[in-house]
Amino acid sequence: MEDPFDLVFMDMDKEQYEPALPHCARLIRPGGLLAVDNTGFPEAAAFNEALAASPAFRSVQLYSFLPFHSPEKDGFCLALRL
């Protein structure tokens, strides 16, 4: 893919989030949004660290308690492409 996108939504194997981050930085236009599901899962830790250290994004993690959800603590991330 080559064209810039206004929004990318990620919800895949959490271990693949971190390797996908440079591609998202390349594909999302400045001012665009990266939305990522399940960032509270332990498998998303490498992604969360890489995103926090990335100069290409400013992000916020939204954590929640979801009864009857496994795992019960979950998260959603919104990251603005700079």
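## Briefing: ring pairs, charges and core

The charged end of R81 sits over the ring of F57, 5.9 Å from the ring centre. Here a charge sits over a ring if NZ of Lys or CZ of Arg is within 6 Å of the ring centre and within 35 degrees of the ring normal. This is a predicted model, where local features need pLDDT of at least 70, side-chain atom pairs count only at pLDDT 80 or more, and totals for chains, interfaces and linings use all residues. Residues are numbered from 1 along each chain as its sequence is written, and side-chain values use heavy atoms, with hydrogens and water left out.

**Aromatic pairs**

- The whole structure holds two aromatic pairs (Phe, Tyr or Trp rings, the six-membered one for Trp, with centres within 6.5 Å; planes under 30 degrees apart are stacked, over 60 edge-to-face, the rest tilted).
- Y17 and F47 form an edge-to-face pair, because their ring centres are 5.4 Å apart and their planes stand at 70°.
- This pair links distant parts of the chain, 30 residues apart: Y17 is in helix α1 (residues 17–27) and F47 in helix α2 (residues 45–53). Helices (H or I, at least four residues) and strands (E, at least two) are DSSP runs, numbered from the N terminus.
- Y17 has 0% relative accessibility, so Y17 counts as buried. F47, at 1%, counts as buried too. The classes are buried under 20% relative accessible area, exposed over 50%, and partly exposed in between (1.4 Å probe, protein chains only).

**Salt bridges**

- There are two salt bridges in the structure (a side-chain nitrogen of Lys or Arg within 4 Å of a carboxyl oxygen of Asp or Glu).
- One joins the side chains of R29 and D6, at 2.3 Å from N to O. It links distant parts of the chain: R29 is in strand β2 and D6 in strand β1 (residues 5–10), 23 residues apart.
- R29 has a relative accessible area of 35%, so R29 is partly exposed.
- K14 forms a salt bridge with D11, and their closest N and O atoms are 3.3 Å apart.
- K14 is buried, at 12%, whereas D11 is partly exposed, at 43%.

**A buried charge without a partner**

- D37 lies in strand β2 (residues 28–37).
- D37 is buried but has no salt bridge. K14 is the nearest side chain of opposite charge, 6.2 Å away. Lys and Arg count as positive, Asp and Glu as negative; His and the chain ends are not counted.
- Beyond its neighbours within four places in sequence, D37 is in contact (heavy atoms within 4.5 Å) with residues including K14, Y17 and F76.
- D37 and M10 are 27 residues apart in sequence, and their C-alpha atoms are 6.3 Å apart in space.

**Nonpolar core**

- The largest nonpolar core has 17 residues (buried Ala, Val, Leu, Ile, Met, Phe, Trp, Tyr and Cys joined through side-chain atoms within 4.5 Å).
- M10, C24, L34, V36, F47, L51 and F57 touch the most other members.
- β1, α1, β2, α2 and β4 (73–81) each supply at least two residues. α1 gives the most, with five residues.
- L51 touches L21, F57, S59, C77 and A79, leaving out residues up to four places away in sequence.

**An exposed loop residue**

- D13 is placed in the loop between β1 and α1. At 57% relative accessibility, D13 counts as exposed.
- D13 and C77 are 64 residues apart in sequence and 15 Å apart in space, C-alpha to C-alpha.
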